[in-house]
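This report describes one chain of a predicted model and its contact with a partner chain. The sequence and structure are shown first.

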Amino acid sequence: MADLLHIENLTIRHAGLPLVSSVSLSLAPGERVGLIGESGSGKSLTALAAIGLLPEGMTASGSILLAGQQVVGAADRDIVGLRGTTVATIFQEPLTALDPLMRIGDQIAEVLRRRARRDGRPVSRAGIANEVAALMARVALPDPARLARAYPHEMSGGQRQRAAIAMALACRPSLLIADEPTTALDVTTQAEVLKLLEALVREENMALLFISHDLPVVGSAVDRVLVLRAGELVEQGPIGEVFGRPRHPYTQGLVEAARAFDRAIGAAL
Amino acid sequence: MTDVTPALTPPSSLRLTPAFIIGATLVSLHVVIGVSTLFWTPYDPTAMTGGRLAAPSLAHWAGTDRLGRDLFTEIMVGARIALAVGVGAVAIAAAIGVTIGLLAAFASRTVDDVLAATLDILIAFPTLLLAMLIVAASDGASLGTAILAIGIAASSIVARLTRILARRVLAMDYITAARVSGTGWLGIVRIHVLPNIWPTLVVNLALQFGLAVIAEASLSYLGLGAPPPNASWGRLLQEAQATVYTAPFGAIAPGIALVSLVIGLNLFADGLRDVADPTRRRR
C-alpha cells in the first residue's frame, strides 16, 4: 500500500541553522497521526514543508513524497494541482484563516468552484449554492442561509473554525492537516470542534495529520503519535503505548506534566 | 449549541458622516460644473465679453480678467481641466503603482529590495522636477504631459503603499489556506489581496486625486501645464498675480475653486474608508 505522505530524513534549515533535523514519518490513506511537541519544536514547519509552503529563506532537504510526488525541490506550479486535490489545512486561529472581507458562503463557494473546475465538472451557481448549504449543515453551522451571508467578524470563534473546516472539506482532500485547530477556542467549543473533526475524518475516510501541544486533545483524535523536540523526532508509536509507557525522558516529562495538570484540576474541583 | 451569533447588520446601516456628506457635495458640485462646460458656458471662454478687470457683477459673477474674458466661465472650464488631470493622473498612478506594488510584494527578497529602493528614490524626487523632465523630453507642455508627470510621480507612492498592504495580507493564514487548496497567484490577487487592500488604497487614491489637482495648478502656474488658452486654475492665478492689488478677485476666485475641490476630495477620501470596508460599517 503506497503511503499518502512519506517523509524521509527531512531537514529544514534557516540561514544554515537546522530547525528540523532528519525527521521521517509516513501516513497511509485514512490513517490518523498526531505530531506533538512544545512551541518551536518544528511541528508546523514539518507540515508546511509537506505541502511545499515553507516560508521564504528556509530550505528543505531530504525527501517528501505527497501522493507519490516529490515535493522537495519541486516547482510551485507542479504542486499547486496536488495541493488542491490532495491536502487541506485547518489553522489555529480561525479569524486569520478566513478572509475578513469576504462573506463565509462566498469563501466556501470559491473552494468548491475551484475543485469542480479541476475535476472538469460543470459549475452552476445554484449547484454551488446547494453544496455550500450542504457543507455548512455538515459542520453543524446553525442557520446556514443566514450565516452564509455573514462576514467572519460577525461570527463566534467556534463558528469561524467550523466554517474553516467546511472550506477544508470543500477540497475533498485525502489528507487533512490540522495545525492546532482547537487551541484558540474555549474548552467547551474545543470539545465540540474536536468531535466534529473526528466524525468527519472517519466518514470521509481522510488521513489526518494532527498537530498539537495538547496531549489529551491529540490522544482523543489520533491512532499514532510522533513526538518532536527541538526539531528532532524523539519518540513515536501507537497512542496508548507512547502515552502509557513513554520511553524518552522528554515524552515522560510531557505525559507527567499533563497528568499533574489533571490532578491539580481534580484537586481544585 | 454553545455558539452565539452576533446580530447581522443590514448593509443599510452605512454611517455617513457630515464630513463625508460635505466632501461628496463639494466634489459632485465641481463634477457637475466641469461636465456642464462641455455643453454650455455663460460666455465663450476665449471671447472678450466686458471691460478689463471688471469687479464681480450680475453679468460677470467673478468679474473679468485682464483681457476682459468672463472669469466665472474660465473657472468653470478650469474645474473640467482639474478633474481631467486628477482622473488621468490617478488612473496612471493606480495602474503603474498597484502593478509594481503587487509585483514587489510577491517577488523574492532581492527583487523586492531593488524595487523598494527604486521606489524610495522616486518618492524623494520632486513632482515638479519630474514634470519638467517629461516636458523637456516631449515636444512641449500640454495637458497630456502634465497628467503623465503627475501620474508617474504619484505612482511611486501608490506602489509603496500597495506593497506594504499586500505584504500584510499575504502573511495571513487565509492566504496559506488558499494556496493549500491550490489557488494560483493571480487567483490570490484577485480574490483575496485586491479586495483586502482596496479600502485603504481607495482612500489614498482619493487623497492623491487632491494632490494631483494641486500639482496641476502648480504646473500651470509655472507654465508647465496646459498651455493658454486652456483656463487652468493655476494659469488664472498666475495671470491674476500682476493685478492682485487692483483686482484681487481675479486671484481669490480661482483660489476658492481650487481649495474647495481639494478640501472636498480630502473629506470624501476620509468618508470613503467607512463605505469601502465592511468591517467598519457596524458602529
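Two residues are in contact if their C-beta atoms, placed from the backbone, lie within 7 Å. On this basis, the contact takes 25 residues from chain B and 37 residues from chain A. Two elements of chain B, α6 (173-180) and α7 (185-221), each give two or more residues to the side that touches chain A; helices are DSSP runs of H or I of at least four residues, strands are runs of E of at least two, and both are numbered from the N terminus. The largest share of this side, 6 residues, comes from α6(B). Its composition is tabulated below.

| Class on the side of chain B that touches chain A | Residues in class |
|---|---|
| nonpolar (Ala, Val, Leu, Ile, Met, Phe, Trp, Tyr, Cys, Pro) | 11 residues |
| polar (the others, Gly among them) | 10 residues |

Chain B contains 9 helices and 0 strands, and its C-alpha atoms fill a box of roughly 80 × 50 × 30 Å along the principal axes. Among its contacts between residues at least 6 apart in sequence, 69% join residues at least 24 apart.

Leaving aside neighbours within four places in sequence, B:A212 is in contact with B:V85, B:G86, B:A89, B:V90, B:I150 and B:A154.

Residues are numbered from 1 along each chain as its sequence is written, with chains lettered from A and ligands numbered from 1 in the order in which they are written. In this predicted model, local features need pLDDT of at least 70 and side-chain atom pairs count only at pLDDT 80 or more, whereas totals for chains, interfaces and linings use all residues.
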